[in-house]
Amino acid sequence: MKILSIQSAVAHGHVGNSAAVFPLQRIGVEVLPVNTVNFSNHTGYGAWRGSLIAPEDVHDVILGIEERGVLPQIDVVLSGYQGGTGIGDVIVDAVQRVKAANPSAIYACDPVMGNAKSGCFVAPEIPHLLRDRVVPVADIITPNQFELGFLTGTEPSTMDSTLDSVDLARAMGPSTVLVTSVERPDREAGTIEMLAVDAAGAWIVQTPHLPFKANGSGDVTAALFSAHYRATGDAAVALERTASSVFDLIELTYRSGERELQLVQAQNFYAHPRMQFSAQRVR
């Protein structure tokens, strides 16, 4: 499998491509990373150095890949955090180019906007760009519950309301939706969930909720789920494998006392997930 991953990159820590590439490689995926920003560290620190990469430069890199005759081999286009408005057009164009070369290729979009605790942390125009231009051409989207609400103009909370919101999102274009950070009011105390929905049904997986904010964990989640789903075509299996790997990554990071994901130290959890969580069918 080959994945064209169009995301941010940082020198210190693990977000964007700096989070997604290595776990994908450890499960045997060939990754072509195309960076959209080159920052010293993720913006959660409040200060960083580096620059956005101009959309035309990002496009130029993709054009160079196309000129090498690689696009017919691409199975998945993956995108995450979009630092500026122009990059959305570049991503949509890349998806069109890849699908023209390989009609069986899919586009997995992580519509990064923010979360329920901190609100939106991207430029004000980005959420509208994602909703109106990017998500409609995606095959898979991986929003958290907050982002799902923005995309659909709803406030998902219960299982029924979250499923209703997912149905609205799927009506926008994507056939498969993974909702991360699902926090139902009636869930078991000390837990958090992920919900995967496709044409075959809906499944939820529950894991312990660690009191720790791990920047980049969503990027790892989107990457692993997209790859596992592409490989198996089974949303429940992809959900279980992803939940296993990501939980063990976050737990290892939490126990280490470090702020940044212990991405390298957790590498065996990607290649050999423990499968300690079972997905339950909810529809």
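Colleague: Which residue stands opposite Val-76 in S4?

Modeller: Ile-3 does. This is a predicted model, where local features need pLDDT of at least 70, side-chain atom pairs count only at pLDDT 80 or more, and totals for chains, interfaces and linings use all residues. Residues are numbered from 1 along each chain as its sequence is written, and side-chain values use heavy atoms, leaving out hydrogens and water.

Colleague: How do S1 and S4 pair, and over how many bridges?

Modeller: Strands of a sheet pair through backbone hydrogen bonds, either parallel or antiparallel. Pairing here requires at least two DSSP bridges between two strands. Strands are DSSP runs (E, at least two residues) and helices are too (H or I, at least four), numbered from the N terminus. S1 and S4 are parallel, with 4 bridges. S4 and S5 also run parallel, joined by 4 bridges. There, Leu-78 has Ala-108 in S5 as its bridge partner.

Colleague: Which way do the residues of S4 point?

Modeller: Val-76 and Leu-78 point one way, Val-77 and Ser-79 the other. All are buried, meaning under 20% relative accessible area with a 1.4 Å probe, protein chains only.

Colleague: What is the strand order in the open sheet?

Modeller: Its 10 strands run S3-S2-S1-S4-S5-S8-S9-S10-S11-S12, with mixed pairing. Strand S3 (50-52) and strand S12 (280-281) are the edges, each pairing on one side only.

Colleague: Which strands does helix H3 touch?

Modeller: Helix H3 (residues 86-101) packs on the sheet, touching S1, S2, S4 and S5. Contact means heavy atoms within 4.5 Å. The direction of H3 makes about 155° with that of S5. Such angles run from 0 to 180 degrees between N-to-C directions, using lines fitted to C-alpha atoms, for helices over the stretch in contact.

Notes:
Buried means under 20% relative accessible area, exposed over 50%, partly exposed in between (1.4 Å probe, protein chains only).
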